[in-house]
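Please keep the sequence and the 3D view at hand while reading.

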Amino acid sequence: MKLIEEVGELAEVIRKNKRMTDDNIKGTIEEELSDVLYYTAMVANTYDIDLENVFRMKEKYNSKRYGFNIKIDE
Ligand SMILES: [Mg+2]
């Protein structure tokens with residue numbers, strides 16, 4: 001549930017276009033994006049999911065299904 005809360009916070013700072021200035025990350029897109037990534041990793045760990053592996057599998061699936069070829073490594 002914390003992940004959902006963080007996605008909501010990310011949506012809000014994106015809507016307000018709050019970007020990080022200097023080293024002040026509080027209340028910014030950068031902070032909330034980091035929070036979402038953190039809780040995504042926590043959920044993956046809870047279910048013993050290799051996030052990198054499933055991400056690459058989904059990337060391949062999307063490439064076939066939607067015909068685009070954007071790779072995270074590029
Ligand atoms: Mg947050």
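## Packing of α1 and α2

The crossing of helices α1 and α2 is left-handed, in a model that is predicted. Helix α1 spans residues 2–15 and helix α2 spans residues 29–46, and the two pack with their axes 9 Å apart, at an angle of about 160°. Because angles over 145 degrees count as roughly antiparallel, this angle makes α1 roughly antiparallel to α2.

On the α1 side, the contact is made by Lys2, Leu3, Glu6, Val7, Glu9, Leu10, Val13 and Ile14, while α2 contributes Ile29, Glu32, Leu33, Asp35, Val36, Tyr39, Thr40 and Val43. Sorted by class, the contact of α1 with α2 has 10 nonpolar residues, together with 5 charged and 1 polar.

## The magnesium site

The magnesium ion is coordinated by Glu6 (OE), Glu9 (OE), Glu32 (OE) and Asp35 (OD), at 2.1 to 2.2 Å. Along the sequence, the spacing of these donor residues reads E-x2-E-x22-E-x2-D. Glu6 lies in helix α1 and Asp35 in helix α2, so this pair ties together parts that are 29 residues apart in sequence.

Asp35, at 21% relative accessibility, counts as partly exposed.

## The loop between α1 and α2

Asn17 lies in the loop between α1 and α2, and its phi is near 50°, a positive value in a residue other than glycine. With a relative accessibility of 54%, Asn17 counts as exposed.

Asp22 is likewise found in the loop between α1 and α2, where its phi is near 50°, again a positive value in a residue other than glycine. Asp22 counts as exposed, at 73% relative accessibility.

## The segment after α3

Asn69 is found in the segment that comes after α3, a helix covering residues 51–66. Its relative accessible area is 54%, so Asn69 is exposed, the cut-off for that class being over 50%. Asn69 and Glu59 are 10 residues apart along the chain, and their C-alpha atoms are separated by 8.5 Å.

Note on methods. Residues numbered from 1 in each chain as written. Predicted model: local features only at pLDDT ≥ 70, side-chain atom pairs only at ≥ 80, totals over all residues. Heavy atoms only, no water. Axes fitted to C-alpha atoms, helices over the stretch in contact; angles between N-to-C directions. Helix = DSSP H or I, 4+ residues; strand = E, 2+ residues; numbered from the N terminus. Parallel < 35°, antiparallel > 145°, perpendicular 65-115°, else oblique. Left-handed = near helix turned anticlockwise from the far one by under 90°. Contact = heavy atoms within 4.5 Å. Nonpolar A, V, L, I, M, F, W, Y, C, P; charged D, E, K, R; others polar. Donors = N, O, S within 2.8 Å, 3.2 Å for Na, K, Ca; no water. Buried < 20%, exposed > 50% of the residue type's maximum accessible area, 1.4 Å probe, protein only.
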